[in-house]
Amino acid sequence: MEGATVKLSENALERRLQISGILLILGLLTESLCLFWARPLSFLAFISVGGVLLLLGIAVYLFSLLTIRHPRQ
Amino acid sequence: MPVETTLIIVLLLFSTTLIGVFVARPGITVTRGGKIMAFLVLFLLPILCGAMGISSELERSKTTKFCLSCHIMEPYGQSLRVDDPSYLAAAHFQNHRVPADSACYTCHTNYAMFGSVKAKMAGLRHIYIYYLTTPPAPESIRLHEPYNNRECLHCHLGARSFEEGAVHNADPNLLPGVKANKLSCISSGCHEVAHNVAKLNKVKMWKGQP
């Protein structure tokens with residue numbers, strides 16, 4: 001990243017990997033934040049926001065593997 | 001914060017950093033090693049993090065502190081400190097008949113199959129009522145369904161004080177009725193005072209630590 005903004009790749013597979021990574025990062029950061037509080041709302045946010053973002057990120061990654069072939073191969 | 005929770009947060013942040021590398025340099029997945037790493041970092045590691053996080057959250061949701069974090073539950077927390085052995089919850093809490101750090105969960109979970117899941121679903125209903133409707137006053141809170149003796153018998157069944165207690169055996173029909181859940185443990189004349197939060201300002205409080 002080196003202090004610059006992350007630019008999405010023009011390659012379809014790499015772009016999907018980046019989207020997957022961004023979703024996963026958001027999910028993991030949400031879950032990390034939720035773990036700081038032992039309260040019902042943080043529990044709910046952990047499951048509903050963090051969990052859903054993680055699942056989406058994993059799904060995008062798997063979907064990209066199944067649907068797009070790497071052009072550099 | 002417990003050490004386990006801290007370790008999980010460290011793992012989550014470490015995973016975030018690794019994933020960040022793939023977001024910044026997606027081209028590294030061209031090589032065979034890059035593909036394997038991507039599989040580990042974008043698939044296995046998030047699953048591991050999610051599973052550990054959920055496990056940690058579920059354990060923390062069993063704690064007394066968690067249950068009492070809702071304002072409406074505060075009187076119920078105070079009722080655990082009533083200096084009167086006839087208060088069922090207080091007697092259990094103060095005498096370590098239930099673990100002090102998971103006192104609410106120990107008595108109010110469901111010990112049947114998938115009981116923990118049912119308890120969590122009931123908890124979600126509590127969140128809905130607390131945040132999205134007008135919650136009742138603490139003294140007006142009632143259980144969703146009659147208290148099942150199964151929760152008491154989870155610990156007391158087979159215990160000498162329960163099986164051979166003079167009061168429990170004064171009537172030969174009492175224990176069979178209790179075990180069949182036909183006669184409630186907390187019915188009138190037995191262990192009927194559980195929390196009694198409406199009268200907390202009239203009772204003496206225990207100052208000790210459980």
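Author: Let's begin with what lies over the buried residues of α1(B): the cover includes α1 of chain A and also α2 (32-60) of chain B. Please keep in mind that this is a predicted model.

Which residues of α1(B) are buried? They are B:I8, B:I9, B:L12, B:S15, B:T16, B:I19, B:F22 and B:V23. Because these residues cover an arc of only 130 degrees around the axis, they sit on the same side of α1(B). If you turn to the face directed away from that buried side, you will find the exposed residues B:V3, B:T6, B:L7, B:V10 and B:T17.

Helix α1 of chain B runs over residues 3-24, and its 22 residues should span 32 Å at 1.5 Å a residue.

Now for the partner across the way. Chain A has 2 helices and 0 strands. Of its 73 residues, 40% count as buried. Looking at contacts within chain A between residues at least 6 apart in sequence, 62% join residues at least 24 apart.

The contact between the chains takes 29 residues from chain A and 35 residues from chain B. On the chain A side, the elements that give two or more residues are α1 (12-34) and α2 (40-67). The largest share of that side comes from α1(A), with 12 residues. By residue type, the side of chain A that touches chain B divides into 17 nonpolar, 8 polar and 4 charged residues.

Chain B is divided into domain 1 (3-60) and domain 2 (80-202). Taken over C-alpha atoms, the centres of domain 1 and domain 2 of chain B are separated by 42 Å.

Finally, a word on the predictor's confidence. Chain B has a mean pLDDT of 91, and 100% of its residues reach 70 or more. For the complex, the predictor gives an ipTM of 0.84 and a pTM of 0.81.

Conventions
Residues numbered from 1 in each chain as written. Chains lettered and ligands numbered in written order. Predicted model: local features only at pLDDT ≥ 70, side-chain atom pairs only at ≥ 80, totals over all residues. Contact = placed C-beta atoms within 7 Å. Helix = DSSP H or I, 4+ residues; strand = E, 2+ residues; numbered from the N terminus. Nonpolar A, V, L, I, M, F, W, Y, C, P; charged D, E, K, R; others polar. Expected span 1.5 Å × (residues − 1). Buried ≥ 20, exposed ≤ 12 C-beta atoms within 10 Å, placed from the backbone. Arc of directions from axis to C-beta. Domains from an automatic or database assignment. pLDDT = per-residue confidence, 0-100.
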